[in-house]
Amino acid sequence: MKTKLVCFAGFMICLASFAYAQLSGAGTSSYVCFSCHKDQAKDWATTWHSRSHIDSNPIYKAMINYISRVTYQPEESVLVGCAQCHNPKMTIKEISSKDSFNLAKVLNVETEQTKRIEASVGDANIKDGISCNICHNVQEINESMNMEMRGFKAIEWGPNDVIYGPFEDDGRAGIHKSVQKEHFTNSDKLCMVCHFGGNNANKIELYATGKEFLGSGETSQRCADCHMSTKRKGIITPEITRPGTTANEREIRSHLFEGARNSDILKETLSIDAKSEGSNLILKLTNLTPHKAPTGFGGRSMDVKIEFKNGANVLDTQIYTLETVYVDKKGKEIVPYIAASIKSDNRLTPYETRKLSIPKFRGATDVKITVTYRLVSDRILKLINFSDATFNKDYPVASLDLKL
Ligand code: HEC
Ligand code: HEC
Ligand code: HEC
Ligand code: HEC
Ligand code: HEC
């Protein structure tokens, strides 16, 4: 770590610049922020932003392991590309002379290069994932619609002694300067850095949440409105007092980055409307979000289960799945990152109402419709040989009972 030592003007300045360097330096972790910003830290710790490093997200690890096996590359070679968004401050950005690195790994010999790359991947300062010193160190964003220019490629990091955020500096923090930036106040640019979308090596689109959002025409709601809570009045770190400054009341939000696992956000995904019409059941599913449902990681899916019943007896069950299916050159299902094409994508588009007409099952008096969400389909779990209680699970979205 480069520490700016300007000690000639006295011990205090030296100490202050050391603290600044500690605070948000490109190589530092966010632990120093947690001590003062307990509310933000508590919320953020529940989110998977805090687990985007290979050592804390088991499915990310399993996916990298799988890709490495089927493409005959060491895991590190795969991971360096993924880190573009998952660990944008990882020091190694690409592996030069890939062949010699791959060979050294195959032969299990340690070279200067293998040591440097392994140290970079295992660097303790990047293990807290998309943390405070990622988002709040973003000085400028090179806005572009280019799927390749995401993650660190879209970011200009600021100096070590500055925090970028939604407010002007009022001197109260003391330990850090604060600079107000538009990407925290009035735009979705910060989220778009990683969530706009990405391409795999075959130019197949992945994670196009931001692109979907821009195509939706939505102008009144931002990512933060739904994923960080509505604004409320509050004082940042109220326990800190500083002579000569008063604590301003601010419009603040939670740092939950609400997703399927740490919130009830799935309940806001869609509305179901159903009616009986002649010999058919007419089912309408309306996406209430300005991006696809489901959106994000290519393994996400939703099952619409339709149970025709007679009283309590289930006579027939049909399942309609909303998902993207990625395939290899031979048309076999594969994970998004190495797919040659998208075979199908029937997810609900932003604000779409989809009407399904389903023949009623003979003898049915009732129907029950249940929508559930999966983080990863069973087929992909099987493909990458991964199993875990968080991922092998149906998350409730919506349900409806109707007399036929
Ligand atoms: C994924 C990006 C991201 C991460 C990670 C993140 N923040 Fe923020 N933070 C934001 C955004 C965006 C806002 C502005 C929200 C608004 O007002 O619209 C914000 C606002 C704040 C504020 C102003 C008060 C408030 O809560 O609105 C503080 C303080 C803050 N963040 C501290 C932290 C700390 C400490 C961490 C680490 C535990 C952290 N942030 C992690 C994006 C992030
Ligand atoms: C010694 C305590 C302390 C530490 C450590 C600290 N902060 Fe702060 N920070 C404060 C206080 C106090 C404020 C409130 C200033 C105000 O009310 O305007 C603040 C304000 C902020 C804001 C809002 C101002 C803005 O620019 O929008 C953000 C964002 C923020 N801190 C992020 C961080 C991050 C990220 C870290 C770690 C790299 C960090 N802070 C470390 C005390 C601290
Ligand atoms: C530097 C890249 C980056 C930025 C900037 C970023 N994200 Fe993320 N986000 C990620 C990654 C990577 C994941 C997946 C982490 C994992 O599951 O390992 C993620 C996951 C999420 C999730 C799912 C979280 C969960 O707990 O399941 C939500 C919701 C989300 N981000 C919203 C946002 C919003 C809103 C913003 C803007 C305020 C934002 N992100 C900014 C990279 C980023
Ligand atoms: C009107 C509220 C709303 C807005 C605005 C919104 N989202 Fe969402 N988002 C949702 C809901 C509801 C879900 C859960 C269903 C789904 O996957 O579509 C979701 C899901 C997600 C997920 C997957 C969460 C997970 O658990 O893996 C990500 C990532 C995400 N949104 C990012 C964004 C980004 C980035 C923006 C802005 C470009 C945004 N969202 C705007 C409501 C919203
Ligand atoms: C363009 C930026 C970007 C790149 C590059 C990227 N990811 Fe992601 N990744 C994300 C975002 C954003 C999410 C969160 C989406 C969501 O929650 O649905 C995510 C989520 C995931 C998830 C789901 C995690 C969970 O907790 O559910 C896996 C697995 C994953 N990524 C694997 C990879 C692998 C493997 C690579 C490299 C081959 C990679 N990613 C490259 C942005 C990226």
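Mentor: Helices (H or I, at least four residues) and strands (E, at least two) are DSSP runs, numbered from the N terminus. This is a predicted model, in which local features need pLDDT of at least 70 and side-chain atom pairs count only at pLDDT 80 or more, while totals for chains, interfaces and linings use all residues. Residues are numbered from 1 along each chain as its sequence is written, chains are lettered from A and ligands numbered from 1 in the order in which they are written, and side-chain values use heavy atoms, with hydrogens and water left out.

Trainee: Which helix gives the most residues to the shell around ligand 3?

Mentor: A residue is near a molecule or strand if one of its heavy atoms lies within 4 Å of it. The helices α5 (75–86), α10 (189–195) and α12 (223–227) each supply at least two residues of this shell. With four residues, the one that gives the most is α10.

Trainee: Which side chain has an N or O atom 2.7 Å from an oxygen atom of ligand 3?

Mentor: A polar contact is a pair of N or O atoms within 3.5 Å; within protein, one must be able to donate a hydrogen and the other to accept it, and residues adjacent in sequence count only if both atoms are side-chain atoms. A polar side-chain atom of Arg261 is 3.2 Å from an oxygen atom of ligand 3, and a polar backbone atom of Trp48 is 2.9 Å from one. The side chain at 2.7 Å belongs to Asn57.

Trainee: How many residues around ligand 2 are nonpolar?

Mentor: Ala, Val, Leu, Ile, Met, Phe, Trp, Tyr, Cys and Pro count as nonpolar, Asp, Glu, Lys and Arg as charged, and the others, Gly among them, as polar. Ligand 2 is surrounded by 20 residues, with Cys33, Cys36, His37, His176 and Arg250 the closest. Five residues of the shell are polar and three charged, and the number of nonpolar ones is 12.

Trainee: Is Ser229 buried or exposed?

Mentor: Ser229 sits in the loop between α12 and β7 (232–234), and its side chain reaches the backbone nitrogen of Ser254 at 3.0 Å. Buried means under 20% relative accessible area, exposed over 50%, and partly exposed in between (1.4 Å probe, protein chains only). Because its relative accessibility is 17%, Ser229 counts as buried.
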